[in-house]
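Morning, everyone. I'll keep this short and talk about charged side chains. Here is the structure.

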Amino acid sequence: MALRFPNQSRSYDAGKRSIRFTGHDGVFEVSVFVEVSILQAIAKEEMSSEDQYLEHFDSKRSLMERSASKSYSRRRRATIVLTAAEVN
């Protein structure tokens with residue numbers, strides 16, 4: 001089964017300096033983390049606030065979901081931490 005993203009919620013985790021969102025594989029929930037450094041590299045600009053991180057994530061959400069799906073298809077785990085190499 002493919003990873004789906006029916007819930008559009010996301011949150012900023014200051015401790016991990018990441019955006020967290022969730023996907024679902026049937027009844028299984030999968031947590032996905034994207035480091036803010038990846039978002040900054042894509043934006044080619046410095047961001048320094050939670051609002052900026054979330055706004056940029058929202059503008060690139062489809063890319064993040066595709067990247068998470070590809071990563072999940074290679075290794076099915078309950079937690080995915082996307083790397084810069086996987087976000088393309």
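**Salt bridges, and one threonine**

Start with E86. E86 is buried, at a relative accessible area of 11%. The cut-off for buried is under 20%, so 11% qualifies. Keep in mind that this is a predicted model.

Which side chains meet E86? One is R74, in a salt bridge of 3.3 Å, N to O. R74 sits in helix α3, residues 61–74, and E86 in the segment after β4, so this pair ties together parts that are 12 residues apart in sequence. Strand β4 itself covers 79–82.

The other partner I want to show is R75. Its salt bridge with E86 has the closest N and O atoms 3.1 Å apart. That pair also links distant parts of the chain: R75 is in the loop between α3 and β4, E86 is in the segment after β4, and 11 residues separate them.

R74, R75 and E86 are linked in a network of salt bridges.

Now accessibility in that network. R74 counts as exposed, at 54% relative accessibility. The line for exposed is over 50%, so R74 passes it. R75 is partly exposed, at 33%. E86, again, is buried.

Next slide, next pair. How far apart are N and O in the salt bridge between R10 and D58? The value is 2.7 Å. R10 lies in strand β1, residues 10–13, and D58 in helix α2, residues 50–59, so the bridge ties together parts that are 48 residues apart in sequence.

Are R10 and D58 buried, exposed or in between? R10 counts as partly exposed, at 27% relative accessibility. D58 counts as partly exposed too, at 38%. Both values fall between 20% and 50%, which is why they get that label.

How many salt bridges does the rule give in total? Five. I have shown you some of them, including R10 with D58 and R74 with E86.

Last item, away from the charged pairs. T22 lies in strand β2, residues 18–25. T22 is buried, with a relative accessible area of 6%. What is T22 in contact with, leaving aside neighbours within four places in sequence? The list is F5, N7, E29 and V30.

That's my tour. Over to you.

How values were computed:
Residues are numbered from 1 along each chain as its sequence is written. This is a predicted model: local features need pLDDT of at least 70, side-chain atom pairs count only at pLDDT 80 or more; totals for chains, interfaces and linings use all residues. Side-chain values use heavy atoms; hydrogens and water are left out. A salt bridge is a side-chain nitrogen of Lys or Arg within 4 Å of a carboxyl oxygen of Asp or Glu. Helices (H or I, at least four residues) and strands (E, at least two) are DSSP runs, numbered from the N terminus. Buried means under 20% relative accessible area, exposed over 50%, partly exposed in between (1.4 Å probe, protein chains only). Contact means heavy atoms within 4.5 Å.
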